[in-house]
Amino acid sequence: MSSFTPSKALEGVHGVHLVPHSPFAMEEMRHEDFHGSSQQLIVQRVWQQRPACLRPIRCTLHGDRNLAETIANVITSLPFIALGLQAPRKNLNCKIYANSLIGVGIASSLYHASRGKVKQYLRWADYTMIATTTLCLSRALRKKNPKFLMAASAFLLPVQPLMVSAVHTGMMEVGIYIFNV
């Protein structure tokens with residue numbers, strides 16, 4: 001079993017900490033072969049030994065500190081829905097981006113309005129929806145994104161949404177810089 005060394009990049013961010021395992025329950029799966037001996041599935045071993053950069057971020061169950069903060073966070077999530085409804089829809093990529101903005105507003109509102117154990121799942125949905133939106137925006141702005149990058153980004157969305165956001169935001173920044181030079 002590999003040891004887990006957390007990154008210091010998110011240290012001190014309210015409500016965020018890295019964990020050595022998935023926040024979602026994982027049942028041990030066993031396969032009985034025809035001899036009756038029990039073998040652990042190789043997929044489970046690979047999943048448990050994945051590198052720290054592929055482990056999801058898990059939040060504490062105490063996101064907002066009080067009711068006023070919860071209300072403010074839900075209200076500030078609503079403009080994403082309005083922006084998504086008003087965004088230009090001149091082609092398929094722009095339509096997908098506009099719809100992803102609506103998804104960010106909905107996911108964020110649900111996360112901030114939630115309480116209890118479901119909050120950790122909605123936090124993951126919120127992060128993943130934000131990353132999906134950056135992926136959709138980079139596709140809408142630049143139609144020549146490498147197919148491998150887009151496939152890898154889609155694959156990493158569920159387990160490392162912040163990394164996907166960072167990569168696509170960086171690509172857009174470089175593209176804007178090159179365009180303006």
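**Helices, Packing and Surface**

The crossing between helices α2 and α3 is a left-handed one.

Visitor: What is the secondary structure of the protein chain, and which pattern does it follow along the sequence?
Guide: The model shown here is predicted. Its protein chain contains 6 helices and 4 strands. Read along the sequence, these elements give the pattern β-β-β-α-β-α-α-α-α-α.

Visitor: Of the residues of the protein chain, what percentage count as buried?
Guide: A residue counts as buried when its relative accessible area is under 20%. The protein chain has 181 residues, and the share of them that counts as buried is 33%.

Visitor: How are α2 and α3 oriented, parallel or antiparallel?
Guide: Two packed helices are described by the angle between their axes and the distance between the axes. Helix α2 spans residues 67–86, and its axis lies 7 Å from that of α3, at an angle of about 165°. Angles over 145 degrees count as roughly antiparallel. The relation of α2 to α3 is therefore roughly antiparallel.

Visitor: How are α3 and α4 oriented to each other?
Guide: Helix α3 covers residues 92–113, and its axis comes within 8 Å of the axis of α4, crossing at roughly 160°. That angle makes the arrangement of α3 and α4 roughly antiparallel.

Visitor: In which hand does α3 pass α4?
Guide: The handedness of a crossing is given separately from the angle of the axes. For α3 passing α4, the crossing is left-handed.

Visitor: How are α4 and α6 oriented, parallel or antiparallel?
Guide: Helix α4 runs over residues 118–141 and packs with α6 at an angle of about 25°, the axes being 8 Å apart. The crossing in which α4 passes α6 is left-handed. Angles under 35 degrees count as roughly parallel. The orientation of α4 and α6 is therefore roughly parallel.

Visitor: Is M172 buried or exposed?
Guide: M172 lies in helix α6. Its C-alpha atom is separated by 9.6 Å from that of R139, a residue 33 positions away along the chain. The relative accessible area of M172 is 13%. Under 20% is the cut-off for this class, so M172 is buried.

Visitor: How does M171 count by its relative accessibility?
Guide: M171 is also a residue of helix α6. It is 26 residues from N145 in sequence, with 9.4 Å between the two C-alpha atoms. The relative accessibility of M171 is 22%, so this residue counts as partly exposed.

Visitor: How far apart in space are E69 and H112, C-alpha to C-alpha?
Guide: E69 belongs to helix α2 and counts as partly exposed, at 26% relative accessibility. In sequence, E69 and H112 are 43 residues apart. In space, their C-alpha to C-alpha separation is 8.9 Å.

Visitor: Is I178 buried or exposed?
Guide: I178 is found in helix α6, which comprises residues 161–180. Its relative accessible area is 56%. Values over 50% fall in the class called exposed, so I178 is exposed.

Visitor: Which residues make a nonpolar surface patch, and about what area does the patch have?
Guide: I178, which is exposed, takes part in this patch.

Key
Residues are numbered from 1 along each chain as its sequence is written. This is a predicted model: local features need pLDDT of at least 70, side-chain atom pairs count only at pLDDT 80 or more; totals for chains, interfaces and linings use all residues. Side-chain values use heavy atoms; hydrogens and water are left out. Patches are made of residues with over 30% relative accessible area and no salt bridge: like charges are joined within 9 Å, nonpolar side chains (Val, Leu, Ile, Met, Phe, Trp, Tyr) within 5 Å. Accessible areas come from the Shrake-Rupley method with a 1.4 Å probe; for residues, only the protein chains shown count as cover. A salt bridge is a side-chain nitrogen of Lys or Arg within 4 Å of a carboxyl oxygen of Asp or Glu. Helices (H or I, at least four residues) and strands (E, at least two) are DSSP runs, numbered from the N terminus. Buried means under 20% relative accessible area, exposed over 50%, partly exposed in between (1.4 Å probe, protein chains only). Axes are lines fitted to C-alpha atoms, for helices over the stretch in contact, and angles run from 0 to 180 degrees between N-to-C directions. Angles under 35 degrees count as roughly parallel, over 145 as roughly antiparallel, 65 to 115 as roughly perpendicular and the rest as oblique. A crossing is left-handed if the near helix is turned anticlockwise from the far one by less than a right angle, and right-handed if clockwise.
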